[in-house]
Amino acid sequence: MSETLTGAQMTVRLLERQGIRIVTGYPGGAILPIYDALGQSTVIRHVLARHEQGAGFIAQGMARVSGLPAVCLASSGPGATNLLTAIADAKLDSIPLVAITGQVPRAMIGTDAFQEVDTYGLTIPITKHNFLVTSAEELLEVIPRAFQIAASGRPGPVLIDIPKDVQTQAIEISHWPEPGGALPAPATITELTEQAAALINSAARPLLYLGGGVIHSGASAAAVELAEKSSLPTVMTLMALGAMPVDHPLSMGMLGMHGARYTNLALDECDLLIAIGARFDDRATGKVAQFCPNAKIIHIDIDPAELDKIKTAFIGIQSDVQDALNNLLPAVKQNSRKNWVNRIQTLKNQFPMQLPDADNPRSHFGLIRTVAACLDDSAIITTDVGQHQMWVAQAYPLRRPRQWLTSGGLGTMGFGVPAAIGAALAEPERTVVCFTGDGSILMNIQELVTAAEENVNVKIILMNNASLGLVHQQQTLFYGERLFASQFKAMPDFIKIAQGCGIQAIDLDQASNPCAALMEAISRQGPCLIHASIDATQKVYPMVPPGAANRDMIGA
Amino acid sequence: MNAINCQEEQAIARSIIEIDVNNHPGVMSHVVGLFSRRTFNVEGIICLPVGQSGLSRIWLLVNEDQRLPQMIKQVEKLEDVITIRRHNADHTVFRDLEHFFQSS
């Protein structure tokens, strides 16, 4: 039986058929037909952000916790340009996102019409793929395909730009396409995994280097199993934190610019580096020529363009990480590697991760550890970008995949609050904690209103040093202490802002017992801002100076 | 002077890349964007439809560069790219068109 529907109604129906139950966005003229159709949907709930960038990051939060493509909507022109940062962020962290934008009617494209911008052209370099839809008929192919592309292989953002007259065009539909999902990855070449297993078995000082691909692939358990079977000391990138519990005996935490000293020193000594779903990012490798100088490299990644991009692999395997690990595991021999594991322990004792003042809840590390003590592993942790982000990466006991949502590749200030809202919408049974700074929170502060409206269970820990901490730190260390534009002279009253936006707020500075106040605020249902002043002169240490080799760390 | 004269060809090693793509607006932007974002100049471009197949073939003339293998991998990942082949500079596709590029 056929029915006659408009492009807008088709779009909503196709989203419903994709299994989408929450979308987030911000309406405007050129997307009003879709909003009108969305308003009639009994299946999809729309979450109104307060800025399109907020919508983009709310969708990212949903996608990051679920691993499934999430949807955000915006109108043409400024609506679309406001989405760009969130889309670019999703590209760099390989997050599956489907962004739908309204466009001016086809006949007006190219006339500099009101709120017209070349959304298609603007999003070419920041999407995995993008579409400018030219007929209602095309939606039947484009929408399922957008979801397929977003979820397949290395995930990423896809944009669909839909002119307003395509949204209003009515056509007769007799057959709906199958929803688009992730295509199976090409089979792992077993010959290569056999060679890799032989190399692992014969290595004296191998290290496992896990990246975000391990999380995306859902392969954390297999990666830990590989580490345990062959006694592989394991480092993680910022994106991989949680893949192996930090307190696992083989875990050496995060590598690179703000990794522990022993972690980076161990990388210097390894004779085999097994990189899985990692892309040798400059913040992880430091000066590339001196990264793991004595090591052969096994590199497993689903994206063939990552192999040999930064470091030439001795064995490069294009494969889904889980699939490669399934192949690898039976061929890797049980090995206790006593000498190497002992050597790592010695390095760890000599050059441990230092968390000074961790028992003082009024210090940065102490605050992070106190928050952790109030929660169990079911909590989701998001961050903004800056000193607080690195401190949380160093000090929070992350123990499960998809527990940790942070803007790694693009490093977008303003990520934390909307991503936390998205996480809470996708998994409402969990407590979501967003660590942020006084710089970052202002970049998407309007989403506090969204948090209030949706009554999400988000606790925002605002670490306030009245500074742009990482800029302050770099100016202090590398620019002759010439502090410029990194200290805020005017500081808003964040408690009043939060309350004014309709969410609860407490000031730990005023609390006689900060631990008790924190516990009370975190266990109370609903959104809450928790303000804590921290010392602006504190640094993120240790630190690899920009451009230096990882062994040449400064501080701690 | 020819667009690609013999001396120039000897001075700079060139590569010719042949790319089969779906023929629709935007494909060219996707392909050349990968070059421009790396400040990698494309010396020559030819593109025409391939029969009635719905495909187009893009020929690119580029300077030899150590980044080419990575860029070819990136081009391969584009959704609308069907195949990509790399040829040596002795391929005749651009030379056959030289007479359209005489300076007046």
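Predicted model: local features only at pLDDT ≥ 70, side-chain atom pairs only at ≥ 80, totals over all residues.
Residues are numbered from 1 along each chain as its sequence is written, and chains are lettered from A and ligands numbered from 1 in the order in which they are written.

Let me begin with chain A as a whole. Its secondary structure comes to 22 helices and 20 strands, where helices (H or I, at least four residues) and strands (E, at least two) are DSSP runs numbered from the N terminus. The C-alpha trace spans about 70 × 65 × 40 Å along its principal axes, and the radius of gyration of chain A is 24 Å, which agrees with the value near 24 Å for a compact globule of 556 residues; that radius is taken over C-alpha atoms, and the globule rule is 2.2 Å times the number of residues to the power 0.38. Of the 556 residues, 55% count as buried, meaning that 20 or more other C-beta atoms, placed from the backbone, lie within 10 Å of the residue's own.

Now to helix H10 of chain A, residues 220-230. Its buried residues include Val224(A), Ala227(A) and Ser230(A), and among the elements that cover the buried residues of H10(A) are helix H8 (190-202), strand S12 (272-276) and H13 of chain A. Just after H10(A), Ser231(A) takes a positive phi of about 50°.

How do H10(A) and H13(A), residues 321-331, cross, and at what angle? Their axes, which are lines fitted to C-alpha atoms over the stretch in contact, come within 9 Å and cross at roughly 30°. The two helices are therefore roughly parallel to each other, a term that covers angles under 35 degrees. The contact is made by residues including Ala222(A), Leu226(A) and Lys229(A) of H10(A) and Leu325(A), Asn326(A) and Leu329(A) of H13(A), where contact requires C-beta atoms, placed from the backbone, within 7 Å.

Finally, the contact between the chains takes ten residues from chain A and ten residues from chain B. On the side of chain A that touches chain B, the elements that give two or more residues are helix H5 (119-123) and strand S6 (129-132) of chain A.

Definitions and conventions. Axes fitted to C-alpha atoms, helices over the stretch in contact; angles between N-to-C directions. Parallel < 35°, antiparallel > 145°, perpendicular 65-115°, else oblique. Contact = placed C-beta atoms within 7 Å. Buried ≥ 20, exposed ≤ 12 C-beta atoms within 10 Å, placed from the backbone.
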